[in-house]
Amino acid sequence: MEIVYVYVKKRSEFGKQCNFSDRQAELNIDIPPNPELAEQFVERNPVDTGIQCSTSMSEHEANTERFEMETRGVNHIEGGWPKDVNPLELEQTIRFRKKVEKDENYISAIMQLGSIMEHCIKQNNAIDIYQEYFDDEDAVEVMDEAPSAKTINVFRDPQEIKRPATHVSWHPDGNRKLAVAYSCLNFQRAPEGMSSESYIWDLENPNRPEITLKPSSPLVTLEYNPKDSHVLLAGCYNGQIACWDTRKGSLMAEMSTIEFSHRDPVYGTIWLQSKTGTECFSASTDGQVMWWDVRKLSEPTEVVVMDITKKQRLEHALGAISLEFEPTLPTKFMVGTEQGVVISCNRKGKTPAEKIVCTFSGHHGPIYALQRNPFYPKNFLTVGDWTARIWSEDSRESSIMWTKYHMAYLTDGAWSPVRPAVFFTTKMDGTLDIWDFVFKQCDPALSLKVCDEALFCLRVQDNGCFIACGSQLGTTTLLEVSNGLCTLQRNEKNTASAIFERETRREKILEARHREMRLKEKGKAEGRDDELRDEPPALNLEELVTKAEEEFFDIIFTELKRKEAEAMKKKPKPLKQPSQETDEEVQGEEEAEEERGDGEGEEGGGEESPALGGQP
Amino acid sequence: MIGNDHAEVEETLKRIQSHKGVIGTMVVNAEGIPIRTTLDNSTTVQYAGLLHQLTMKAKSTVRDIDPQNDLTFLRIRSKKHEIMVAPDKEYLLIVIQNPCE
């Protein structure tokens, strides 16, 4: 508002002398403070104001005058000759030299110097004192440190009824979070009131999970989408597939319909590489592998039955327990089954029969983990029953490398993403083994007891340093391994690939030999058959029967004799001469052994001949 | 006698020269004049001049660090051979050897 003061002055009074007079103070205007205006401002406390209290300085540059330098060489020609000697005249120089040589000093000096010099010359000849011993090898710093791992954090299941942690997945960016799936895998033994929640933990806060996921059925597996870190894919205990978006909350965003889902718990779910980043596939023990698009989970896009007779029959299907997919080989995937067989499949097969390429069998029990080596995808690791095995795709009949049979069942395994020769396995007795087969092949390089209960799952972080393992009581332990185990050693890639190739070759050679032996045996068997056919077919039945009887009785007699010999040994021996006795004993033993051997041979022969006799 | 000693000197030098790997031997005096040498003149003169300076430098270095110390032997190992210098007050005995490798 305008503040205006108006006064009036007559024109005739302009220029008139001013007569000032005092007057009382008059309040012209009173503007009270308007507190509402204060709300447009925010109090600033503290207020930063820069002040400067220092000596003022100025900056100057100075440069010295350039110092001119020149490099020159000096060539020493003849010099130092005394004045009276002309260096060019040979006679004079020789004379001078001879004179010096007669000098006493010269003689003693040379004698002394000569002995020192000889010593050094001999030294040089004896040994090269400057020989470089370890020229080729650089200092191996990492080997000094023994492999070790330490627990960094422990995430316990906040629920009262503890459930086993069945799957762990690392957050794709930055690895700050862990998604852990909890469910009870014992058939129908889930205790009453067991919660079906699964959690996402922040590594910094082990006390409380960051996000809770509430599905309708407990989750068996849980995977972060490697392209989109907010999306998670989960396989449920009742066979459904569920998808979460962590931005949307803890209820699932999408769930597959029960009719089209698996009939058994979903044991493996993996995201696929696709342009949309929404494709995934899952496997379950009902023998099916299904492909899904998470935007439309009502129906799978494709179903393949794990039937190795290639007829896609569900009754013959093998239950799938682990699934493997490597983004660098997008058309192939592998399934590990409950029956101990690994099935390698091709996604691009036109008919379902073409989808199944080959099988690898070698385990006695379900294959709980299956992973290709990140550096050499042709080789893959399987973990099942009491061993861990490494296979090569070329060698189908057996694994190329395997660990010894352990005391406890192996539950999970994974390769290290940084070192091609290192892999980790977990066991039912709660130990985590770290294997480094460049360092040691028979035993794990490091064996750690993580907890007292069984460890069910294992996941290595992308930098190879951190490992998360989940246990039976829902405790997820975060471990950090020593530097030596997570830095690529010099030459390790070459060494590892050399080992793989060598073992593959060995297996191939063994396979070839086996095949040859089998062929030979088949040939022999056929040859025998031919011989028998050559025999006069006039051997009528009676003769055959009598022959069989004779052989039969022979066997019986030899057995009886053997039993008698044994019985004699056991009976308390009469006091004969000890030497004779021992001789007899020894003889008796030998005979018994021979007879046993014969008896067995005869038995085998005996078994065979009636069969042969049976053939016409 | 001087004659005997002289013979000994000859023998010593001959022996040194005959060792395995020895390429050349020379005796140089304090002024850089080669007294005895088994190599050709120009090479000898070159070696004499350069090694003399180097030996002096080495000697003064050793003495600077510890005045009671003195240079006894100087060995220069190069890619091709080893030059060994045994200094004395007045003379330098220089041997060039190809160390056994």
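Is A:Glu393 buried or exposed? In this predicted model, A:Glu393 is buried, with a relative accessible area of 14%; here buried means under 20% relative accessible area, exposed over 50%, and partly exposed in between, for a 1.4 Å probe and protein chains only. Residues are numbered from 1 along each chain as its sequence is written, while chains are lettered from A and ligands numbered from 1 in the order in which they are written. Local features need a pLDDT of at least 70, side-chain atom pairs count only at pLDDT 80 or more, and totals for chains, interfaces and linings use all residues, with side-chain values based on heavy atoms and with hydrogens and water left out.

The model scores ipTM 0.81 and pTM 0.54. For chain B, the average pLDDT is 87, and 95% of the residues score at least 70; pLDDT is the predictor's confidence in each residue, from 0 to 100. Chain B has 2 helices and 5 strands, where helices (H or I, at least four residues) and strands (E, at least two) are DSSP runs numbered from the N terminus. Read from the N terminus, these elements follow the order α-β-β-α-β-β-β. Of the 101 residues in chain B, 45% count as buried.

Turning to chain A, one open sheet consists of 4 strands in the order E6-E7-E8-E9, with antiparallel pairing; two strands pair if DSSP finds at least two bridges between them. E6 and strand E9 (254-255) of chain A stand at the edges with a single partner strand each, so one side of each has no neighbour in the sheet. Even so, 6 of the 6 residues of strand E6 (residues 219-224) of chain A are buried, so this strand is largely enclosed by the rest of the structure. E6(A) pairs with strand E7 (residues 231-236) of chain A in the antiparallel sense over 5 bridges, and the two form a hairpin with 6 residues between them. Within this pairing, A:Tyr224 has A:Leu232 as its bridge partner in E7(A), and A:Thr221 has A:Gly235.

Another open sheet in chain A has 4 strands in the order E10-E11-E12-E13, again with antiparallel pairing. Its edges are strand E10 (266-271) and strand E13 (302-305) of chain A, each with a single partner strand, so one side of each is left without a neighbour in the sheet. From one strand to the next, the twist averages 20 degrees; axes are lines fitted to C-alpha atoms, for helices over the stretch in contact, and angles run from 0 to 180 degrees between N-to-C directions. Strand E12 (residues 288-293) of chain A is joined to E13(A) by 4 bridges, and these strands run antiparallel. A:Met290 has A:Val303 in E13(A) as its bridge partner.

The peptide bond from A:Asn45 to A:Pro46 is cis, with omega near 5 degrees, and A:Pro46 lies in the loop between helix H1 (35-38) and helix H2 (90-102) of chain A. A:Asp385 has a phi near 35 degrees, a positive value in a residue other than glycine. The loop that holds A:Asp385 runs between strand E19 (379-384) and strand E20 (387-392) of chain A, and A:Asp385 is buried, with a relative accessible area of 0%.

Side chains of opposite charge can pair when their charged atoms come close. Over all chains, the structure holds 31 salt bridges, each a side-chain nitrogen of Lys or Arg within 4 Å of a carboxyl oxygen of Asp or Glu. One of them joins A:Arg372 to A:Glu393, with the closest N and O atoms 2.5 Å apart. This pair links distant parts of the chain, 21 residues apart: A:Arg372 is in strand E18 (residues 367-372) of chain A, and A:Glu393 is in the loop between E20 and strand E21 (401-402) of chain A. A:Arg372 also counts as buried, at 1% relative accessibility.

Helix H7 (residues 541-570) of chain A includes A:Phe557. A:Glu559 and A:Lys563 form a salt bridge with their closest N and O atoms 3.8 Å apart; they are 4 residues apart in helix H7 of chain A, so about one helical turn separates them. A:Glu559 counts as buried at 19% relative accessibility, whereas A:Lys563 is exposed at 54%.
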